[in-house]
Structure formats: structure tokens, C-alpha cells
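Here's a quick tour of a protein model, made for someone meeting structures for the first time. Take a look at the picture, then read on.

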Amino acid sequence: MKNGMNTILKLEELGQFSLSIILFNQLDYAWWIFPACILLPDLSMIGYLANPKTGAWMYNFFHHKMVAVSILILGVCLNSSLLSLAGIILFGHSAMDRIFGYGLKFNDSFKNTHLGWMGKKD
């Protein structure tokens, strides 16, 4: 990916991560809940213990922004602060991951992402 485009995409993700902080601040939770929960979606990597296909599916489900937005919308519609929190955390985490180059996974390797190959090729 060309360097200029990479910067634009990272700024877009930074904007989305910032939005997740703003949305979190609309909820009635202590400030420390956000940093305490922001890495929880990475528990989905446990699927890689089974095999790369299961791992990729679980990782992608919990890192897909439409899943996050759907959960947030459901939380708002049901007036559920816990569901809203879950959607915001999933959304913010996914944006944060993409800032650092962690994309959605292909099922052949954890390092093969929609943003390109992570690190040195095996």
C-alpha cells in the first residue's frame, strides 16, 4: 500500500477510535472501564488453538465493524448500556487494531490479513 494512502487509512481509523471514546463517554461507566475492556476482543484468538480456519472465523467475527455497530444499535434500541458498551468496545478495538496494521484474517495464516501480510513471510 502506498505510504500516503496508508496514512489516510490510519487517520480514518484514528477518527473511528476517537468516536468510540466519545460514544463510551455517553454511557454511565467509570472511565477505567474503557481501557480495561479494550483488549477483550482479542480473546477471540483462542480459536487458533483449534486450527487457522476456526481462528480466522472467530477473530473476524469479533473484529468486524458491522458486528460491532449492530450490537451498539441493538443496545441503543433495547436501552441496554451493557450491549452498547460491548458494541463500542468491539468498534473501538477494531479501529485500534487497524491503526497498528492488524486486519481481518484469511484462513491460511494469522499473518495473512486484508491489509496485507504481517511481518516476514514464513
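Where is His 114 found? His 114 sits in the loop between strand E1 (112–113) and strand E2 (116–117). Keep in mind that this is a predicted model.

- With 42% relative accessibility, His 114 counts as partly exposed.
- Setting aside neighbours within four places in sequence, His 114 is in contact with Arg 98, Gly 103, Leu 104 and Phe 106.
- His 114 and Asn 3 are 111 residues apart in sequence, yet their C-alpha atoms are 17 Å apart in space.

**Helix H5**
- Helix H5 covers residues 81–99, which makes 19 residues.
- From its first C-alpha to its last, H5 reaches 27 Å, close to the 27 Å expected at 1.5 Å a residue.
- H5 is mostly covered, with 15 of its 19 residues buried.
- Just after H5 comes Gly 101, which takes a positive phi of about 90°.
- An α-helix has 3.6 residues a turn, so residues three or four places apart point the same way.

- Ser 84 is found in helix H5, and Ser 84 is buried because its relative accessible area of 5% is under the 20% cut-off.
- Leave out the residues within four places in sequence, and Ser 84 is in contact with Leu 27, Leu 72, Gly 75 and Val 76.
- Ser 94 also has its place in helix H5, and Ser 94 is buried with a relative accessible area of 0%.
- Not counting residues up to four places away in sequence, Ser 94 touches Phe 62, His 63, His 64 and Lys 65.
- Ser 94 and Ile 38 are 56 residues apart along the chain, and 9.4 Å separates their C-alpha atoms.

**The largest nonpolar core**
- In soluble globular proteins, nonpolar side chains tend to be buried together.
- Here, the largest nonpolar core has 14 residues.
- Those with the most contacts inside this core are Phe 17, Phe 24, Phe 34, Ile 38, Leu 85, Ile 88 and Ile 89.
- The elements giving two or more residues to this core are H1, helix H2 (33–37) and H5.
- H5 gives the most to this core, with six residues.
- Let's zoom in on Phe 24: leaving out residues up to four places away in sequence, Phe 24 touches Tyr 29, Ala 30, Trp 31, Ile 33, Phe 34, Leu 85 and Ile 88.

**One salt bridge**
- How many salt bridges does the count come to? The count comes to one salt bridge.
- In this salt bridge, the side chains of Lys 65 and Glu 13 meet at 2.3 Å, N to O.
- Lys 65 lies in helix H4 (residues 65–77) and Glu 13 in helix H1 (residues 3–24), so the pair ties together parts that are 52 residues apart in sequence.
- Are Lys 65 and Glu 13 buried or exposed? Both Lys 65 and Glu 13 are buried.
- For Lys 65, the relative accessible area is 16%.
- Apart from neighbours within four places in sequence, Lys 65 is in contact with Glu 13, Gln 16, Phe 91, Ser 94, Ala 95 and Arg 98.
- Lys 65 and Gly 92 are 27 residues apart in sequence and 8.9 Å apart in space, C-alpha to C-alpha.

**Out on the surface**
- Met 5, Ile 8 and Leu 9 form a nonpolar patch on the surface, and together they have about 270 Å² of accessible area.
- Met 5 has its place in helix H1, and at 45% relative accessibility Met 5 counts as partly exposed.
- Leu 19 is found in helix H1 too, and at 37% relative accessibility Leu 19 counts as partly exposed.
- Leu 19 and Ile 33 are 14 residues apart in sequence and 16 Å apart in space, C-alpha to C-alpha.

- Asn 79 has a positive phi of about 55° although it is not a glycine.
- You'll find Asn 79 in the loop between H4 and H5.
- Asn 79 is exposed, with a relative accessible area of 72%.

How values were computed
Residues numbered from 1 in each chain as written. Predicted model: local features only at pLDDT ≥ 70, side-chain atom pairs only at ≥ 80, totals over all residues. Heavy atoms only, no water. Helix = DSSP H or I, 4+ residues; strand = E, 2+ residues; numbered from the N terminus. Expected span 1.5 Å × (residues − 1). Buried < 20%, exposed > 50% of the residue type's maximum accessible area, 1.4 Å probe, protein only. Salt bridge = Lys/Arg side-chain N within 4 Å of Asp/Glu carboxyl O. Core = buried A, V, L, I, M, F, W, Y, C linked by side-chain atoms within 4.5 Å. Contact = heavy atoms within 4.5 Å. Patch = residues over 30% accessible without salt bridge, like charges linked within 9 Å, V, L, I, M, F, W, Y side chains within 5 Å. Areas by Shrake-Rupley, 256 points an atom, 1.4 Å probe, with all protein chains shown as cover.
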